[in-house]
Amino acid sequence: MIRTHTTAPAIFFAFAVITLLANESRAQTASYAPKVGQPHVDFILPSIDDGSPIQLSDYRGKKVLLMHFASW
Amino acid sequence: MVPVWHATIKELAPENLAVLGVVQEQHSERTKLYKQWKQYDFPIAQDSITKLGAAVVPIFIGIDEYGIVQNTKLRPNGLAKFLKTKFDAPETASPVMGKETNFAELAEEDPTAENLCMLGDQEMLFRDSGMKCHDKAIEAYKAALEKNPNNGTILFRLGAAYRQRYDEHSHDDADFDMASKYWTMALDSNPGQYIWRRRIEQYGPRLQKPYPFYDWVGTAIKEIKERGETPIALTVDLTQSELANRSTPNYSNEDAKPESTEEVSRDGGTFILIESTMVPGYVEAEKPATIHMRLVPKGAKWNNESTPLTVWIESEGAKLSKHLLTFDNPNQPDSKENRSLEFDILVGKADKCSVKGFALYNVCTEDGVCMYRRQDFEIEVPQTANSQD
């Protein structure tokens with residue numbers, strides 16, 4: 001018999017956005033929820049073009065339009 | 001919405017604005033194709049593991065020169081005002097993320113769930129261990145789960161690591177199984193997480209609406225070629241479940257069962273191995289799931305000069321979107337590719353449920369002996385989390 005694998009239920013506990021300060025790290029435990037008047041959490045993610053790091057704080061000095069979207 | 005934004009930015013051509021996209025996508029080349037098609041000229045970062053924790057898309061945020069969020073629901077008709085507004089510098093500078101953190105050292109020195117998860121994230125996003133990055137990520141996420149077994153974020157990312165390893169080099173159904181398993185667990189932990197739900201739907205049934213996923217791909221390729229360009233090649237083929245034409249399964253189908261197959265000599269898995277994965281990882285009564293079948297040549301090649309691969313499936317405890325599955329022969333005499341077939345299943349209230357069937361195929365061994373074979377199989381369908389092993 002070909003068996004498909006099964007799963008267990010899980011209780012939600014979110015931790016998500018990571019902020020790394022200069023010499024220490026902190027893992028925040030909240031979903032993405034930017035608030036007006038607060039700093040946007042800094043992040044480093046790979047570019048879709050070549051995988052090179054893109055860091056939000058590198059854009060300081062300019063206004064930023066940050067667009068979260070999907071290609072599906 | 002993004003195309004509207006793009007047109008607005010082109011029109012205003014603001015000098016003091018940086019545009020940055022963050023895309024929820026497992027396969028970067030699919031976004032690259034989309035970007036090429038739409039001729040976007042702004043950088044796009046890939047968040048394949050919901051690193052930022054976004055639960056929905058799209059989101060459009062206006063951030064000032066100091067890194068302060070000034071608008072969380074920016075609209076194209078509000079861009080001009082955002083650009084003209086002068087914002088004051090904050091008393092303290094916004095925190096900046098360190099670029100040189102050694103996540104492996106961090107996790108070794110202080111192996112908390114958070115640090116282990118960040119190590120996995122680093123491997124997934126930046127592939128520090130090259131071809132072994134998925135192995136390392138899986139190891140790190142599993143260690144993180146030991147510390148925090150019910151964390152939906154870790155569960156989702158572990159699933160993403162398995163699926164990426166499956167797509168990029170293992171092509172092992174066990175990895176797909178594990179991805180389905182952990183994504184299902186993650187979604188169970190937080191049913192409102194839209195991005196996770198979409199990941200399940202991407203390989204499973206359309207649970208609520210007939211969303212298209214990648215129907216745009218064909219149009220994009222055609223239009224890019226018409227412009228005289230070469231479209232970005234997709235390294236991972238689209239599955240049937242990623243296209244909208246599978247969104248309305250017909251559970252009342254009347255496919256005709258192949259006749260006179262009882263006498264066909266059986267293959268017990270010597271020539272072709274049959275595997276399956278279900279998405280989500282288990283089904284509940286009256287809720288659809290998708291079963292992905294995979295036929296893997298082991299001791300033989302497909303013989304493409306005879307009748308094509310045919311699979312018959314039936315079930316006493318469930319309705320099936322199809323009973324007869326076929327795979328068109330490629331344009332070469334023989335081949336050794338893995339063959340994928342999909343169908344949807346809708347389970348009633350039966351305690352136990354399985355899908356039984358048989359595959360009919362023509363294969364040739366390496367020394368040139370060709371044969372027609374039938375392989376019988378039964379796919380067990382796990383029902384609800386309580387019925388699992």
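Why is helix α9 (residues 194-203) of chain B largely enclosed by the rest of the structure? Eight of its ten residues are buried, so the rest of the structure largely encloses the helix. Buried here means under 20% relative accessible area, exposed over 50%, and partly exposed in between, with a 1.4 Å probe and protein chains only. Helices (H or I, at least four residues) and strands (E, at least two) are DSSP runs, numbered from the N terminus.

This is a predicted model, in which local features need pLDDT of at least 70 and side-chain atom pairs count only at pLDDT 80 or more, while totals for chains, interfaces and linings use all residues. Residues are numbered from 1 along each chain as its sequence is written, chains are lettered from A and ligands numbered from 1 in the order in which they are written, and side-chain values use heavy atoms, with hydrogens and water left out.

**Stop 1: α9 of chain B**

Select residues 194-203 of chain B. The buried residues of α9(B) include B:Trp196, B:Arg198, B:Arg199 and B:Glu201. Now show what covers them: β1 (17-24), α2 (28-38), α7 (152-170), α8 (173-189), β5 (272-279) and β6 (288-297) of chain B are among the covering elements. At the start of α9(B), look for a side-chain oxygen of B:Gln193, within 2.9 Å of the backbone nitrogen of B:Ile195.

**Stop 2: β5 and β6 of chain B**

Move to two of the covering strands, β5(B) and β6(B). Seven of the eight residues of β5(B) are buried. The strand runs antiparallel to β6(B), and eight bridges join the two; strands count as paired if DSSP finds at least two bridges between them. Select B:Glu275 and, opposite, B:Arg294 in β6(B).

**Stop 3: B:Thr310**

B:Thr310 lies in strand β8 (residues 309-314) of chain B. This residue is buried, with a relative accessible area of 17%. A polar atom of the B:Thr310 side chain lies 3.2 Å from the backbone oxygen of B:Pro308. Leaving out residues up to four places away in sequence, B:Thr310 touches B:Pro258, B:Leu324, B:Leu325, B:Thr326, B:Phe358, B:Ala359 and B:Leu360. Contact means heavy atoms within 4.5 Å.

**Stop 4: the interface with chain A**

Color the two chains separately. In the interface, 61 residues of chain A are in contact with 109 residues of chain B. The chains bury about 8,000 Å² between them, 64% of it on carbon and sulfur atoms; this is the accessible area (1.4 Å probe) that two parts lose on being put together, summed over both.

Two salt bridges are found across the interface, each a side-chain nitrogen of Lys or Arg within 4 Å of a carboxyl oxygen of Asp or Glu. Select A:Asp58 and B:Lys99, whose side chains meet in a salt bridge (3.3 Å, N to O).

On the side of chain A that touches chain B, the elements that give two or more residues are β1 (2-3), β2 (18-20), β3 (25-27), β4 (44-46), β5 (53-55) and β6 (63-70) of chain A. Of these, β6(A) gives the most, with eight residues.

**Stop 5: a strand pair across the chains**

A:Met67 has B:Phe60 in β3(B) as its bridge partner.

Zoom out to chain B, with ten helices and 14 strands. Of its 389 residues, 55% count as buried.

Key:
Polar contact = N/O pair within 3.5 Å; in protein donor to acceptor, adjacent residues only side chain to side chain.
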